[in-house]
Amino acid sequence: RPIFAIRRTARGEITLQAGQSKNANVAWSHRKRGPYMPTPLLYGGKVYVLGNGGIFTIYELGSGKEFSRGRIPHRAFGFSASPVATNGRIYLPGEDGLVFELEAGKENKLIAVHEMGEPLMATPALSEGIMYLRGKSHLFALDEGSNDSKLKLSNDSRLRIEGKKDTFERVILKHREKFFLLARVVPWALALWLVHSLNGMD
């Protein structure tokens with residue numbers, strides 16, 4: 001699967017001819033380097049590409065120059081969710097139930113691995129310093145600066161807190177009605193609902 005960087009000004013026929021890697025409409029491209037499920041992440045002038053099998057590649061946004069390429073040390077399963085970024089960190093949720101935290105930059109620098117305890121297949125949503133992760137059975141809300149604190153929304157609509165209580169007090173108070181309503185939304189719609197409800201579709 002290839003990956004193409006298409007210029008915003010692209011119009012009409014943009015197909016590359018044999019032997020070409022770029023043209024007037026395509027800034028750059030790489031053959032057999034595109035992901036199957038995860039969407040590439042554009043952050044800080046770089047393109048972060050995560051393959052289903054855990055191959056993580058970093059490119060320069062403007063030129064397509066490859067800075068680094070390596071494998072994320074996941075377990076038996078791969079990646080379906082797309083990477084997200086905030087505050088100079090890249091987060092990669094995996095189907096093994098692990099969230100890999102990397103430093104944003106040219107190098108593939110792993111900082112920490114967070115164990116969530118259940119498969120993660122949906123792309124996280126970021127809102128007001130909180131990362132929302134949809135697992136197989138729970139919705140997790142991770143507060144910035146508190147790696148081990150979790151807010152779980154159980155299937156029976158009861159809120160359950162693990163970790164520091166004050167970490168999520170403001171989240172519960174502000175979004176109490178939304179969280180209880182969220183428990184009744186079908187699982188596949190959770191990520192879309194969060195983005196729409198908490199971010200206001202800015």
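Ser 82 sits in the loop between strand E6 (66–71) and strand E7 (84–86) of this predicted model. With a relative accessibility of 10%, Ser 82 counts as buried, because the cut-off is under 20%.

**Ser 82**
- The Ser 82 side chain reaches the backbone nitrogen of Thr 39 at 2.8 Å.
- Neighbours within four places in sequence aside, Ser 82 contacts Pro 38, Thr 39, Pro 93, Thr 123 and Pro 124.

**Strand E12 and its partners**
- Strand E12 (residues 130–134) is largely enclosed by the rest of the structure, because five of its five residues are buried.
- Ile 130, Tyr 132 and Arg 134 point one way from E12, while Met 131 and Leu 133 point the other way.
- E12 runs antiparallel to strand E11 (residues 125–127), joined by three bridges, and Ser 127 has Ile 130 as its bridge partner.
- The hairpin of E11 and E12 has two residues between the strands, and Glu 128 takes a positive phi near 50° there.
- Five bridges link E12 to strand E13 (residues 139–143), also in antiparallel fashion; Met 131 is partnered by Leu 142.
- Four residues lie between E12 and E13 in their hairpin.

**Nonpolar cores**
- The largest nonpolar core has 13 residues, of which Phe 56, Ile 72, Ile 90, Leu 92, Phe 100 and Leu 102 touch the most other members.
- Strands E4 (46–50), E5 (55–60), E8 (89–93) and E9 (98–103) each supply at least two residues of this core, and E9 gives the most, with three.
- Apart from this core lies another of nine residues, including Val 84, Met 131, Leu 133 and Leu 142.

Note on methods
Residues numbered from 1 in each chain as written. Predicted model: local features only at pLDDT ≥ 70, side-chain atom pairs only at ≥ 80, totals over all residues. Heavy atoms only, no water. Core = buried A, V, L, I, M, F, W, Y, C linked by side-chain atoms within 4.5 Å. Buried < 20%, exposed > 50% of the residue type's maximum accessible area, 1.4 Å probe, protein only. Polar contact = N/O pair within 3.5 Å; in protein donor to acceptor, adjacent residues only side chain to side chain. Contact = heavy atoms within 4.5 Å. Pairing = 2+ DSSP bridges.
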